Amino acid sequence: MKRYLPFIIVVVVALATFGSATMLYRAKRPQVKNIPESQSVSARSDASAHIRGNPEAPVTLEEFGDFQCPPCGQFAGFAEELLREYDSRLRVVFRNFPLAAHEHAREAAVAAEAAGFQGKFWEMHDTLYREQSAWSKAPNARELFESYAGTLGLNMDQFNKDMDSEKARERVDSDHALGDSLGIKVTPTLFINKRPLESQEKNPEGLRAAINAALEEKSKSGA
Amino acid sequence: MISLLCANDETDAHQALVICSFGLYSSFVTRASSFLSMSISRFRAILYTAVAIVAVAGLADATYLTVQALTGETLTCGGSPDCFRVLGSSYAKLGGMPVAMLGALAYFAVFTFATFAAFGYSRASRFLALTVGAMFLMTLWLLYGQAYLLHAYCRYCLFSAAITFLIAGLLIAVPPSQRRSGA
């Protein structure tokens, strides 16, 4: 029996590791649903959606993002690269999904919406990500958001009024509620033509492959 | 004999230092094991068992990181705070495979070799030394990457580094086999 004992121990540990890894993978694997047609950007005519690129593009890359999340900041730079690369064939949509763990994320989302009321959502979006490390650690982030609004040439009285308005908060909450209903837990969560990206697609090559596949599918269905 | 060799050494200083250290350690192990009323082979078996147990902790850590890498959680917020800079970087992959997965395989190899070594398989101890040596060097590179290339640390990676250093320390403490030390 002693002769076989090391083999038995090794096999038991191997099986236990594999079993627990499989269970952990199943528990952690994102279970995100497709965006329903009724909630798609094309179906919403309230102009609350933030679209960058050709509004009639065949492929939509939709992001649920958090302004205080560093990977979202990294993704914002990559999204711009993709827009240049795919030109009129791609549009990028941003939806707010501020995580509770990030102290200033919700206020940053409200600031972006308030800037959006004056037609400068994307300018504020880019500024917030560029200056993320500064305002994330600031005790009073609102002051910095106001300074960014001033730099962008916004009407400050209107900006402050919008920051305190229910309308801006409702837009953030509406996006967040949609994200919750889709099962989103982390940011950035990305969708290509309403389909959530799989974990193996969450890298530059995977994302490009998903966009190319969506373009091919569109051209086939259009033909 | 050992003390005589140390005192009246006529070989070069480096050789003497190695021989003295080896001799003093052997003497310490012999005295310690006799004090504890155990044979050297028993002491070796205990140390190999300790290596195997510590390797299981490393295996659990590396398996957790592998699952995070496979689910894409390392590239997001809301999953593993603080670690995305390290685990989401290009240094966290080697030939397209997550480094954490290689780590899990290495810890499993260490566990396997240490278990067999504890049961007296002499060849397993040689494989164990080679594997731990490679892991030690890899750990130094990963620590350098975190400190000087990424300027960020991941607590799970630091835990893994501590485990590797502990395993290396335990292996250094394993006394040479009687056959070799007697030669």
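In which crossing, left-handed or right-handed, does helix 3 of chain B pass helix 7 of chain B? I found a left-handed crossing of helix 3 of chain B with helix 7 of chain B, a label used if the near helix is turned anticlockwise from the far one by less than a right angle.

I note that this is a predicted model, in which local features need pLDDT of at least 70, side-chain atom pairs count only at pLDDT 80 or more, and totals for chains, interfaces and linings use all residues. Residues are numbered from 1 along each chain as its sequence is written, while chains are lettered from A and ligands numbered from 1 in the order in which they are written.

I looked up the geometry of the pair: helix 3 (residues 40–71) and helix 7 (residues 155–173) of chain B, taken as DSSP runs (H or I, at least four residues), pack at about 165° with their axes 9 Å apart. The two helices of chain B are therefore roughly antiparallel, a term for angles over 145 degrees.

Next I checked where helix 3 of chain B meets helix 7 of chain B, and the residues include B:Val51 and B:Gly58 on helix 3 and B:Phe159 and B:Ile163 on helix 7, contact being C-beta atoms, placed from the backbone, within 7 Å.

I then turned to the other chain and found 23 residues of chain B in contact with 26 residues of chain A. Helix 3 of chain B gives the most to that side of chain B, with eight residues.

Lastly, I looked at helix 5 of chain B, which is followed by B:Gly120, whose phi is positive, near 95°.

Conventions. Axes fitted to C-alpha atoms, helices over the stretch in contact; angles between N-to-C directions. Parallel < 35°, antiparallel > 145°, perpendicular 65-115°, else oblique. Contact = placed C-beta atoms within 7 Å.
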